[in-house]
Amino acid sequence: MSAAPGRVRVLLYLRAAEADVPAVEEAYHRISKDLAGTPGLLGNELLRDLTAPGAYAVLSEWASLGAFRGWEAGSAHRGTTSPLRQFQDRERPSPFALLEVTAGY
C-alpha cells in the first residue's frame with residue numbers, strides 16, 4: 001500500500017476465541033474474494049496481533065473517503081461483510097477506525 005494523501009484506510013478490529021481463529025481467516029478470504037473489483041478499494045490485509053491471542057485487524061485502503069462511503073452506503077455492504085461481524089471487537093469504544101492518509105514516505 002502506498003502512502004498517497006487523500007487515501008483512506010479503514011481498520012476493523014476483531015477478536016476470536018482460539019477455536020474460532022480458522023473461522024476468522026476463512027471469512028476474511030471469502031469476503032476479500034467477494035470484494036475484488038469494488039470501485040475505489042485498493043486492497044486489504046488481515047493482520048494478527050502478536051501480543052494478544054485471538055486479536056486481529058483488517059486494514060483496507062480506499063482511493064478516497066467518497067469511494068469508501070459510497071461502498072458503505074450500498075446494498076451489498078452488509079451482506080458481504082456479515083461473516084466477520086460476529087468477531088468484531090466489542091470491547092473497544094468502536095470496532096473500527098476510519099483514517100485519512102495526510103502524509104507518507
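## Close-up views of a predicted model

**View 1. A salt bridge joins the side chains of Arg 15 and Asp 89, with 3.5 Å from N to O.** Arg 15 belongs to strand E1, while Asp 89 sits in the loop between H3 and strand E4 (96–100), so this pair ties together parts that are 74 residues apart in sequence. Are the two partners buried or exposed? Arg 15 is partly exposed, with a relative accessible area of 34%. Asp 89, at 5% relative accessibility, counts as buried, because buried means under 20% relative accessible area. Please keep in mind, here and in the views that follow, that this is a predicted model.

**View 2. Asp 89 also forms a salt bridge with Arg 92.** The closest N and O atoms of Arg 92 and Asp 89 are 3.8 Å apart. Arg 92 counts as partly exposed, at 37% relative accessibility. Elsewhere, salt bridges that share partners link Arg 7, Arg 9 and Glu 61 into one network.

**View 3. Within helix H2, Arg 69 and Glu 72 lie 3 residues apart.** That spacing is about one turn of the helix, and the two side chains meet in a salt bridge of 2.8 Å, N to O. Arg 69 is partly exposed at 40% relative accessibility, and Glu 72 is partly exposed at 27%. How many salt bridges does the structure hold? There are 6, and the Arg 69 and Glu 72 pair is one of the salt bridges.

**View 4. The largest pocket has a volume of about 510 Å³.** It is lined by 23 residues, and the closest to its centre are Val 10, Leu 12, Trp 71, His 77 and Thr 81. Which elements each supply at least two residues of the lining? They are strand E1 (8–15), helix H1 (21–35), strand E2 (41–48), strand E3 (55–62), helix H2 (65–73) and helix H3 (76–85). The largest share, 5 residues, comes from H3. Sorted by class, the lining of this pocket has 13 nonpolar, 6 polar and 4 charged residues.

**View 5. Leu 65, Phe 96 and Leu 98 form a nonpolar patch on the surface.** Together, these residues have about 240 Å² of accessible area. Leu 65 is found in helix H2, the helix that also holds Arg 69 and Glu 72 from View 3. With a relative accessible area of 39%, Leu 65 is partly exposed.

Technical notes
Residues numbered from 1 in each chain as written. Predicted model: local features only at pLDDT ≥ 70, side-chain atom pairs only at ≥ 80, totals over all residues. Heavy atoms only, no water. 1 Å grid on protein atoms, 1.4 Å probe; cavity = no way out; pocket = protein on both sides within 12 Å on 5 of 7 lines; lining within 4 Å. Points joined across faces, edges and corners; volume = space filled by probe spheres on them. Helix = DSSP H or I, 4+ residues; strand = E, 2+ residues; numbered from the N terminus. Nonpolar A, V, L, I, M, F, W, Y, C, P; charged D, E, K, R; others polar. Patch = residues over 30% accessible without salt bridge, like charges linked within 9 Å, V, L, I, M, F, W, Y side chains within 5 Å. Areas by Shrake-Rupley, 256 points an atom, 1.4 Å probe, with all protein chains shown as cover. Salt bridge = Lys/Arg side-chain N within 4 Å of Asp/Glu carboxyl O. Buried < 20%, exposed > 50% of the residue type's maximum accessible area, 1.4 Å probe, protein only.
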